[in-house]
Amino acid sequence: MLLNMGPQHPSTHGVFRMVLWVDGEKIVDVEPHIGYLHRGSEKLCEGEQYHQVITLFDRLDYVANFNNELVYCQAVEKLMGLDVPERAEYIRVILCELNRIASHLLYVGTIGLDAGAMTPTMFAFRGRERIQALFEAVSGARMMHNYFRIGGVKEDLPGNFEQMMGELLPLLREDVEESDRILTFNEIFLSRLKDVGTISAEDAVDFGFTGPCLRGCGIEYDVRRAQPYSIYDRFDFDIPVGLDGDCWDRHWVRVQEMYESLKIVDQALEQMPAGEVVSSLGRRLIRPPAGEVYVRAENPRGEIGVHLISNGTDRPYRLKIRPPSFCNLSAIKHLLRNSWIADSVVILGSLDIVLGEVDR
Amino acid sequence: MVVSLPLMSVTVLQVLWMVVALLLMFTGLSVVVLSLVWLERKALGRLQLRLGPTRTGPMGLMQPIADAVKLILKEDIIPNSSDRAIFWAAPVIVVLSAFMIWVTIPASEGLVLRNLELGLLYITAFAVMGILGLVLAGWGSANKYGVLGGLRSAAQLISYEIPVIMVVVAAGMLAGSLDLRVIVASQDQIPYALILPLGMVVFFIAGLAEVGRTPFDIYHAESEVVGGPFVEYSGAHWSVFFLAEYINTFAIAALVALLFLGGWSWPWDTVALAWLPSLPAWPWLGPLLSVVWFLFKVYAVILVVFWIRGTFPRLRIDQLMAFAWKAMVPLSFYSIVITAVYLYYDWPGWTLTLMSLAGLGIVGYIVYRRMTAPARRVAEVKARQAAQLAERRASSQAG
């Protein structure tokens, strides 16, 4: 039987469409269809000035906006050889790690829904809302912040930032622990996710997996550690890895990553110096010298890459984005074959795709 | 005036009374469903850090009524490709079988529409009828998700019907009757929940599956088959399915209360009964109290159902079937066997409790081990990783 799943289906995480050939409850083959959210972001980037491109990057992975802004800003900074003030680096890291937690919390909520549990969603969203309230205080927007600038950040943190963080972090730790406890080792949840959607480490590398999906297979690869960017070499954190490369391992890695991110935020808050938040060069019209650069960073979903070519004008000549979700999603055919229909939503949920990034 | 029918003779008055009583039952059950909708939304809300409905009426009490009005006023869409007759018949079958069960479920000694000697047989028979409606709904709506859901419901409900019937048989054996009033009366000293805890657990779990509540809500799983058989239904038709689902949930809870929790008999029953008749001014107090007590028990069971819904994810269809055939069915047969042994040799009651707890413990342990195997493996590996890390740190410090 040919079963069309999506683009309007509650658990395809946006406008993703899968055409499933099913034999009873078993999936024989699957044909994924993407592109329902295609906006031509890469082409749009070519028509905007360098600072204006930041808003476009906000809309790629729309649940981890800061991480996207960071990788773009770093690409331009590398091209220009621009130094970022210390304080700005710390602000960026704190916000990015908080955004990673927010993104993973969203993932915990949606995988709960995919597996049929409503309550974890509410628990996870409570934490996410708290983080977003902080983001709003910092940048003025809950999502689509447009806060990072080439050479720093838009403006300094609000005066009561330390106090807000002091209130937020214990609550956030509680939220993370709670959404971990309610789901991760639940027997039914385990039986739904363990040994489902298994992918071997070799296959994962071949498909271009990155991020928690790759680490779920037992490969200890994290750009923050493998090729430290920004100031990630100053923090002490572990890279959690899974064992079998199944859905549950991917879930477990994400949950552990939230604790690690909390650790990084704690350290960064302690070390954060005072001072400028944006370099004076970044305030002017950006005109990087002609040349090209490739910059990678660790997004909540994996490695995001930006290949930026400049011809010396105030607009990028070409900007190629390597979105992590897209590469992770490429294995969907491989993962879904011979699984159950009910597994398909769990596997898709455990890949944790964001269509804004897949379709660009 | 007497109307003669081939098999029985009833007066017009009796017929009229029957009609009125049926209408009363329909109304009463509808009110119960409204209360359940409200209770579920409130209970779930509280479990999920929400408030539940608050805006319509005090504490949102009017919310179910507003919902009902909205559903009835909504446009009733019938897909062009659907099989109209089946599409119309399916909700009727489902809701009729749900209501028919209640004809013979007593709410107290006297409050029952029609007490049957073989009441339990009748109930289990009509409970199966509902499946037909679900399969027809899936098939008639000509939607692939509907068909999938309908077939899932058929597989699921038929598998879980067996343990339900088997446990009902065990309870019937204990009481020596399938008449619900007799079963309740024989629990006036000690409820069967204490004598046959195994039976209650199996009945409750299988009952959850029977009415498709979490974690067995596979046939209408929102995230997989998007409502299953109900996917093409809207407005009044959909609300009828909804009604039936809640009535069935209520029926299962009522059966748990009747079969295992002593129905309307209360603690210190004999004491209370001793002084109750001495208050001749309130002859209705005794019956009223028993209805209240019965409803209290049923709602307590219902709250457990909602609690489970607020806690668990849902199983996969193969896991669900495996659980039915590998755990539920053997357990229900075991409960029959131990009940028979207990009755035949006339052992004291606690032996049955012990045997039933032993069975529950063994199967529970096996299920638990199987389900937590990955968790143990992770713990092992985590311990190994931690040991390796400590070793590495120690060696780096030494170096």
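What share of the 360 residues in chain A do buried residues make up? Buried residues account for 56% of them, a residue being buried if 20 or more other C-beta atoms lie within 10 Å of its own, exposed if 12 or fewer, and partly exposed in between, with C-beta atoms placed from the backbone. In chain B, buried residues make up 41% of the 399 residues.

This is a predicted model, in which local features need pLDDT of at least 70 and side-chain atom pairs count only at pLDDT 80 or more, while totals for chains, interfaces and linings use all residues. Residues are numbered from 1 along each chain as its sequence is written, and chains are lettered from A and ligands numbered from 1 in the order in which they are written.

**The two chains overall**

- The secondary structure of chain A consists of 15 helices and eight strands, and that of chain B of 13 helices and two strands; helices (H or I, at least four residues) and strands (E, at least two) are DSSP runs, numbered from the N terminus.
- Chain A has a radius of gyration of 20 Å, which agrees with the value near 21 Å that a compact globule of 360 residues would have; the radius is taken over C-alpha atoms, and the globule rule is 2.2 Å times the number of residues to the power 0.38.
- Along the principal axes, the C-alpha atoms of chain A fill a box of roughly 65 × 45 × 35 Å.
- Among contacts in chain A between residues at least 6 apart in sequence, 72% join residues at least 24 apart; two residues are in contact if their C-beta atoms, placed from the backbone, lie within 7 Å.
- The corresponding share in chain B, again among contacts between residues at least 6 apart in sequence, is 78% joining residues at least 24 apart.

- Three strands of chain A form an open sheet in the order β1-β2-β3, with antiparallel pairing; two strands pair if DSSP finds at least two bridges between them.
- β1 (2-5) and β3 (26-33) of chain A stand at the edges with a single partner strand each, so one side of each is left without a neighbour in the sheet.
- From one strand to the next, the twist averages 25°, with axes as lines fitted to C-alpha atoms, for helices over the stretch in contact, and angles running from 0 to 180 degrees between N-to-C directions.
- Four bridges join β1(A) to β2(A), residues 17-23; A:Leu2 stands opposite A:Trp21, and A:Asn4 has A:Val19 as its bridge partner.
- β2(A) and β3(A) pair over seven bridges, and A:Val19 stands opposite A:Glu31 in β3(A).
- These two strands, β2(A) and β3(A), form a hairpin with two residues between them, and A:Gly24 in the turn has a positive phi of about 65°.

**Strands β7 and β8 of chain A**

- Strand β7 (residues 302-310) of chain A is joined to β8(A) by five bridges and runs antiparallel to it; A:Ile309 has A:Arg318 as its bridge partner in β8(A).
- β8(A), residues 318-322, has a covered face made of A:Leu319 and A:Ile321, and an uncovered one made of A:Arg318, A:Lys320 and A:Arg322.

- Not counting residues up to four places away in sequence, A:Val76 touches A:Tyr50, A:Ile150, A:Ile286, A:Pro288 and A:Leu308.
- A:Gln74 lies in helix α3 (residues 65-80) of chain A and counts as buried because it has 23 C-beta neighbours inside 10 Å.
- Leaving aside neighbours within four places in sequence, A:Gln74 is in contact with A:Tyr229, A:Val295 and A:Ala297.
- Helix α14 (residues 341-351) of chain A is mostly covered, with 11 of its 11 residues buried; just after α14(A), A:Asp352 takes a positive phi of about 55°.

**Where the chains meet**

- In chain B, 29 residues are in contact with 34 residues of chain A.
- α12 (317-345) and α13 (349-398) of chain B each supply at least two residues of the side that touches chain A, and the largest share, six residues, comes from α13(B).
- The residues on this side of chain B divide into 14 nonpolar, seven polar and eight charged; Ala, Val, Leu, Ile, Met, Phe, Trp, Tyr, Cys and Pro count as nonpolar, Asp, Glu, Lys and Arg as charged, and the others, Gly among them, as polar.
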